[in-house]
Amino acid sequence: MNDRIVFGQYINKDSWIHRLDPRCKIITLFLMMIGIFLIKNIYALLICLGFILLVVLTTKIPLHKFLRSFKMIAMLLIFTAFFQIVFNTYGEIVKVNGYDLTYTFTLTYLNLGIGILLIVLYFLLGKIFRKFRLIQFLIFVALIFLSEAFILIGPSIVSYTISIHENGLYTALMVLLRVLNLITLSALLTFTTKPTDLNGGIEGIFKPFKFMRKGVSIFAMMMSIALRFIPTLLNETSKILKAQASRGVDFNDGSFKDKVMQIVSLLVPMFVISYKKAEDLANAMEARGYIPGDERTRIYELKYHISDILVYIFLVLFLAAIIVLKIGGIV
Amino acid sequence: MGINLSEVNLAYLKEKKQYKYAIKDINLRIDNEDEFIAIVGHTGSGKSTLVQVLNNLLVPTFGHISINFRENNNDVYYNIKASGKKVKYAISKDNINVKYKARVSLKALRKHIGLVFQFPEYQIFEETVLKDIMFGPKNFLRDENKAKEEAIKIAEMMNISDLLDKSPFMLSGGQMRKVAIAGILASKPEVLVLDEPTVGLDPIAKRDLLEFLKYLNEVEHKTIIIITHDMDVVGEYAKRTIVLNKGCIMYDGSKDEMFKNDEVIKTCNLNYPNIVKILANLKKKLNIDLDIYKYNIDDAFKELNRVLGDNHE
């Protein structure tokens, strides 16, 4: 169960990024994200992505872990790109070898039948072959379009043209690169920073605002408890799942009514357990002298090292470069 | 008839092709009638994993499991064959023409083997005790009235009939556990597996529960499997003990033999039941020829009487 959640998981390795101060990492991530949002030039985005991937290589974390975090949003990315390419009609039509990239599709009655058949096939295939569902889906969509482009037998219902415009391609590519940049960056942070460090970093960043409100440390404590209890609660969930399975709940299938019952049989015990754990934890914290909002000392004081300063210098240079290029109208 | 495990392994893939075995090379035969088995071994020895494999809640990595029960006057065989990542299942009526498939719903299997987890009170979720006890049989039988009948019958057996209309969350810990166990028993499993059922119960509730299990075993001829650390329970109730050590079965046999086997006791950090300890001490102090392997007070008293005879009051 724990294997599925890749995004936001800490991977223990020893690299310079792991040793960086969490405050430095959070601030750099945040400002770099803003910087990347300002860039509108594809080449600049590509350079950014290349640079980030270089940094990724130095973390000693296997690349496929990063790739798996892309997988989660692959569907979203593909849809965005698809709609941009198909529906964006600004700019010139793209030409390849002097031919316009314009395609005519005709929906005939035969095609309609084929389309429905393919959709049914797709769902039937899901019952047997559960892997690579995304790729399967894409293949079936492509097949539907192909059938509408080439099998033109019988009376047609509707005919439509899709032409690929420069602007659409450009925007699609830009969105794609931007999201890839952002995902890699945030994966870089969460893969290399322990939840407790992340929390300490956030607390450290908000320290200057302490005079405004007292709640910073309470909020940080709440965050760290929430993060710390994710694996515990996942464990409890799998226990309850098994306990209910041994009472005859089949979580794999069942009618809609059954499904509701299955979820209730899982949720109620989880609520009970969470409340009980929260109560126990609160008592245990009080017993060890925790007073909300009070001044606390830390075991590990956060300290900036030379590498953090170097990263900050790089960050300033990066932002300066973007601003200069932006004013110059290049990116 | 019963459960047959041969060469069953369950491993977690750590890194590339490096396995960490939770249980290793388990060969086991469990009858579905009249057995009272205690599974012992120190924490992390794979006891809980083993009982979850019996129920197919955990799928083995390697090995073959064959489970055989009577359903509607037919001998039904459930077969699970695992070799690495590939697991094949089969349900057959005669075990001759076994057709293996990649996926089969083994829900029916769980009707025959009831598993009560540690702290089962957490699985309760319905608003009344009756509804919660009904939940299991309702899932298996798909018949509301029958399920209700079963639930009321089981509640009477366990002396919790007066709680049926109450909310389970208003009960005491011991009562909640009784309700949870009733919830499993209501689906009438032939084999009942309990993972440390007496932890956190007061002595009276503990005795009640164990006596009830004894009743189920002796009168209803059910097979009871309990995981426990309490040697008094093993001594007094179990007929057969299975000792697990680092995922392997170290000992499988009668409890007498186990307590006489010093090697097993030492390597697995086991202990002797209190009565055995007392008798052993008496034997040493009084220097008398005493059979120290007696597991309840009556037997121990008889043995003392036999040895000391009339010359000691």
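Domain bounds here come from an automatic or database domain assignment. The model is predicted: local features need pLDDT of at least 70, side-chain atom pairs count only at pLDDT 80 or more, and totals for chains, interfaces and linings use all residues. Residues are numbered from 1 along each chain as its sequence is written, while chains are lettered from A and ligands numbered from 1 in the order in which they are written.

**View 1. The two domains of chain B.** Chain B is assigned a domain 1 (2–271) and a domain 2 (278–311). Taken over C-alpha atoms, the centres of domain 1 of chain B and domain 2 of chain B are 36 Å apart. Along the principal axes, the C-alpha atoms of chain B fill a box of roughly 70 × 55 × 40 Å. Chain B contains 11 helices and 11 strands; helices (H or I, at least four residues) and strands (E, at least two) are DSSP runs, numbered from the N terminus.

**View 2. The side of chain B that touches chain A.** Here 21 residues of chain B are in contact with 17 residues of chain A, contact meaning that the C-beta atoms of two residues, placed from the backbone, lie within 7 Å. At least two residues of this side come from each of α2 (107–112), β7 (113–116), α3 (129–141) and α5 (173–185) of chain B. The largest share, four residues, is supplied by α3(B).

**View 3. The two domains of chain A.** Chain A is divided into domain 1 (1–96 + 165–193 + 306–331) and domain 2 (102–163). Their centres, taken over C-alpha atoms, are separated by 34 Å. Five residues of domain 1 of chain A are in contact with four residues of domain 2 of chain A.

**View 4. Helix α10 of chain A.** The 32 residues of helix α10 (residues 256–287) of chain A should span 46 Å at 1.5 Å a residue, and the end C-alpha atoms are 46 Å apart, which agrees; the expected span is 1.5 Å times one less than the number of residues. Of the 32 residues of α10(A), two are buried, so the helix lies largely in the open. A residue is buried if 20 or more other C-beta atoms, placed from the backbone, lie within 10 Å of its own. Just after α10(A), A:Gly289 has a positive phi of about 85°.

**View 5. Helix α11 of chain A.** With 23 residues, helix α11 (residues 306–328) of chain A reaches 33 Å from its first C-alpha to its last, close to the 33 Å expected at 1.5 Å a residue. A:Gly329 follows α11(A) and has a positive phi, near 75°.

Methods: Buried ≥ 20, exposed ≤ 12 C-beta atoms within 10 Å, placed from the backbone.
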